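I opened my notebook to jot down what I could look up in this structure. Here are my entries, in the order I made them.

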Amino acid sequence: MNPWYNKAAKNQDGDRLSRRILTIGIFFALMFGAIGARAFHLHVFQSPWLSKVASNQVERSVDAREKRGTIYDSKHRELAMSIDVMSIAASPRRFEDAQSAAEALSQILDTDKASLLAKLNSERRFVWIKRHVTPREGERIQLLGLDGISFIPEHSRFYPNKALAAQLLGFTGIDGHGLEGLEYNFDRHLKGSGQRFTVVRDALGRRFMPGEFNLFDTRGNDVVLTIDQTVQYIAERTLEAGVNASDAETGIAIVMVPRTGEILALDNYPYFNPNTFSDFDQTRWRNRAVTDPFEPGSTLKLFTAAAALETGIARPETLFFAENGKYRIGRNTIHDEHPRAWISLTQIIQYSSNIGAAKLAEKIGPRTLYDTLTRFGFSEKTGIECPGETAGLLLPCRRWSRMDTSAIAFGQGISVSALQLVRAVSAIANDGYLMRPHILKAILDPNGGLVQRTQPETIRQVVSSETARDLRNMMAAVVSPEGTGRRAFLKGYRVCGKTGTAQKVDESKSYSEDKFTASFVGFAPAERPEIAIVVVIDEPKKGSYHGSVVAAPVFRRIALEVLDYMNVPPLRGPGGMNASYPLEITG
Amino acid sequence: MVVMLCFLSEIFFYAWCRVQVVQTGYGISEGSRHQRRLLALQRNLNIELARLKSPKRISTIAQEQLGLLKPGPEQVIVIP
C-alpha cells in the first residue's frame, strides 16, 4: 500500500469526522438555543398568563357572604340583626326522577308540587327551590339525600322586638337590601363593602389554608340609634291604648330631648311586624310621623303668640276682645268653644281662643307671622335621617287673604309634620334654640371602632330666652285646672303643653264636620325640660274628638312613665305633689 | 457517598416539611370551622337573649305573672 495514499486517506477521514462533530455540535447548539429561546419566551413574555393558568387550577375567587350590620338602640340593645339561614337550590339536569323529587320536596316545604316540578324540569343549570328555609325543613331535605340539591348558607334579617319601632326601622328584601325606613337609609353602611376572597383548594377540591375564615365572617357596619327601646315601648303601648279608646284611625307619638334634638321614641300606630312585612297592608309601613303632614290646629297658637311677644306687639297680660264667641271676617265666622269678652294673651293660649288668635294675627300681620313660623322650622325639612320626609305646606304670605292669616294663626290652612311640631315646641323648652332632630347616634365598624358620630346641632335661635320663658308660663297655664290641657296634669311634675283640634279636609275638598285631628304637644319638667312629646290622634270617633280629651291623657301617661324611667325625681317641698300650678318660671 | 446521603436526606426533609405544611393547613381549616360553629352558636344565643329582653315580654311577665305595678310619683323616695 502506498504510504502517501494512506496518510492522505487518514487526513481525509479526520476532516470528515471533524465536520460531522461540528455539524452535530451546531445541531445541538441550535437545539439548545431554541430551548433557551423558548424558555426565555415563557419566563419573560408569557409569565403572567402562565401564572394565572396555574393559579386557576388551585385557587377560587368567592364573593363574601357579608352579614348585614346590627341596628342598636341608644343602650346597645339589638333592634335589628342578621341570622344565619339556609336556602335550598337545585341543578335540574342532575335529577333522574324529577316527579318523585318534586313530590317529596313539596311535602316538606309545603309548596305547590306543580311549580316545583316545573322548576326541576327546566333547562336551567340553577334554580332556587326555597329561600330561607327553617332548620327543620333543611334537616328533612338533607335526609332525603337527593342528588342535585344544594344547601346554600345565607343571612336573613330578624327583628327581635317584632313590631317595636317597625315603621322607623323598616325592613330588607330577601337579598338583604334595605327596602324601607332606616334599613333603606343606612343600607350603604349596613350591607358592607362587597369583598371578594381567594381560597386555595387541593386536587380533591377541599379548601385549605387559613384566611378562608373571613369569607363567612365579614360584616357591614353597625348603626346605633338615639331611640331608647324602653321609651319606645312605653310610647307604643300608651298610644295604642289611646287610639283604641277613642276608636281612631291612626296615631303618632314622638319623644324628643329638647336640649340635644335626640329622638327617644318615634311611634306610628297601627303597627306591623317587619319579620313578616308582606302579610301587612302597605299603608302600615309608612313612617307617618315624618312623611305625612297634617293641619295642627290650636297647637300653632303658641307660635302666633311667640310672634307677638318677640316683636313686642303684646305682652302676656295684654288684653284682647274675644267678641263673646263669634267673630266675622268677610263671609266667614270664627267661633270659640266658650264665649268670652276680654281675655289676656296668656288666656288666649290657656283657653285656646280662636278669636283671640285671629285678633292677634291681625295685629302682628301676615309677614311677621310667616317669618316666625318659618323661623320655627315649618315648611322646611328637619333633616332627620329618615327617608321621605315632608316639608309640610305653608303658602307664601303674599298669597294669604285676611281669613287665611286668621286661620293660620289658629292652625288651619297650614300643614306640618309631627316631627316639625315637636321640634318647634322643643325650641321653646330650649330657651329659643332650635335643634336639628336626629335619630342616628353613631356608626361603628365591625370591630366596634367609631366611624361616625352625631353631635347636637343648633340650627338657630328663633326667639329670645325671655320670649321662650313667657311662652313656657303660658303653656304651664294650659295644664292648670282652668286650662284646656288639664288632663295632661302630672302629679309631682310641672308640665307645659298645648292642645290642638283641627278639622280635616274631606273628599269634597272642604272642611269636614265629623273628621278631626286631635293633638297635644308639650314638655316636662317645666324648670328643666328633659323630654318633649307630641301625640297626634287621627279621626277619633268615640266620645270627644278634642285634643284635650283624646291626646292629652296619652301625653300624660307617656310623660309620667318616661320621666320615671329616666330617673327624673318628682317635686318635693311646699305644695308637695300638687305644686304644679300656679307656675312662675323664672329661669 | 456522603454527598449522596446528604442530598437524599435533604429531599426527604423537604418532602416532610411540605407534608407538614399541608397537614397544618387542614388543621387550621378544621379549627376555623370549629370557631365558626361556636360563633354561630354565640350569635344564636345573642338572638335568643335579645328576644327574651324584649320590653313587651318583660312587662307582661312583671304585670301578669308577678303582679308588679308602676310606682306613682308619691311613692318615689329620692335618696340625696
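**Entry: a residue to start with**

Is His132(A) buried, exposed or partly exposed? Before answering, I reminded myself that the model is predicted. I found 15 other C-beta atoms within 10 Å of His132(A), so this residue is partly exposed. That follows because the buried label needs 20 or more such atoms and the exposed label 12 or fewer. I then looked up where His132(A) sits, and the place is strand E4 of chain A, residues 127-133.

**Entry: another positive phi**

Ala165(A) also has a positive phi, near 55 degrees, and isn't a glycine. I placed Ala165(A) in the loop between strand E5 (149-158) and helix H6 (166-169) of chain A. With 30 other C-beta atoms within 10 Å, Ala165(A) is buried.

**Entry: cis peptide bonds**

Next I looked at peptide bonds, most of which are trans in general. The bond from Tyr269(A) to Pro270(A) is cis, and I wrote down an omega near 10 degrees. Pro270(A) belongs to the loop between E10 and helix H11 (288-291) of chain A. Ala524(A) and Pro525(A) are joined by a cis bond as well, with omega about -15 degrees. I found Pro525(A) in the loop between E20 and E21 of chain A.

**Entry: the sheet**

In what order do its five strands run? I read off E10-E9-E21-E20-E19 in chain A; the sheet is open and the pairing is antiparallel. At the edges I have strand E10 (263-269) and strand E19 (496-505) of chain A, each pairing on one side only. From one strand to the next, the twist averages 10 degrees. As background, I noted that strands of a sheet pair through backbone hydrogen bonds.

**Entry: strand E9 up close**

I picked E9(A), residues 250-256, and checked its partners. Six bridges tie E9(A) to E10(A), and the two run antiparallel. Met256(A) is opposite Ile263(A) of E10(A).

How many of the seven residues of E9(A) are buried? I got six, so E9(A) is largely enclosed by the rest of the structure.

**Entry: helices on the sheet**

Helix H16 of chain A, residues 418-429, lies across E9, strand E20 (511-524) and strand E21 (531-538) of chain A. I noted that H16(A) runs at about 145 degrees to E21(A). Helix H19 of chain A, residues 552-565, lies across E9, E19, E20 and E21 of chain A. For H19(A) I also wrote down about 145 degrees to E21(A).

**Entry: H10 against H19**

H19(A) has a helix neighbour that I wanted to follow up. The axes of helix H10 (residues 229-245) of chain A and H19(A) come within 9 Å, crossing at roughly 160 degrees. That angle makes H10(A) roughly antiparallel to H19(A), and the crossing is right-handed. Among the residues making the contact are Ile234(A) and Leu239(A) of H10(A), and Ile558(A) and Tyr565(A) of H19(A). By class, I listed nine nonpolar, three polar and two charged residues for this contact.

**Entry: where chain A meets chain B**

How many residues does each chain bring to the contact between A and B? I noted 25 from chain A and 22 from chain B. On the chain A side, strand E3 (78-90), strand E7 (207-208), H10 and H19 each supply at least two residues. E3(A) gives the most, with four. Sorted by class, the chain A side has 13 nonpolar, four polar and eight charged residues.

**Entry: a look at chain B**

Last, I looked up Leu5(B), which is in helix H1 of chain B, residues 2-52. Leu5(B) has 9 C-beta neighbours inside 10 Å, so I logged Leu5(B) as exposed. Leu5(B) and Arg37(B) are 32 residues apart in sequence, and 48 Å apart in space from C-alpha to C-alpha.

Conventions. Residues are numbered from 1 along each chain as its sequence is written. Chains are lettered from A and ligands numbered from 1 in the order in which they are written. This is a predicted model: local features need pLDDT of at least 70, side-chain atom pairs count only at pLDDT 80 or more; totals for chains, interfaces and linings use all residues. Two strands pair if DSSP finds at least two bridges between them. Axes are lines fitted to C-alpha atoms, for helices over the stretch in contact, and angles run from 0 to 180 degrees between N-to-C directions. Two residues are in contact if their C-beta atoms, placed from the backbone, lie within 7 Å. Angles under 35 degrees count as roughly parallel, over 145 as roughly antiparallel, 65 to 115 as roughly perpendicular and the rest as oblique. A crossing is left-handed if the near helix is turned anticlockwise from the far one by less than a right angle, and right-handed if clockwise. Ala, Val, Leu, Ile, Met, Phe, Trp, Tyr, Cys and Pro count as nonpolar, Asp, Glu, Lys and Arg as charged, and the others, Gly among them, as polar.
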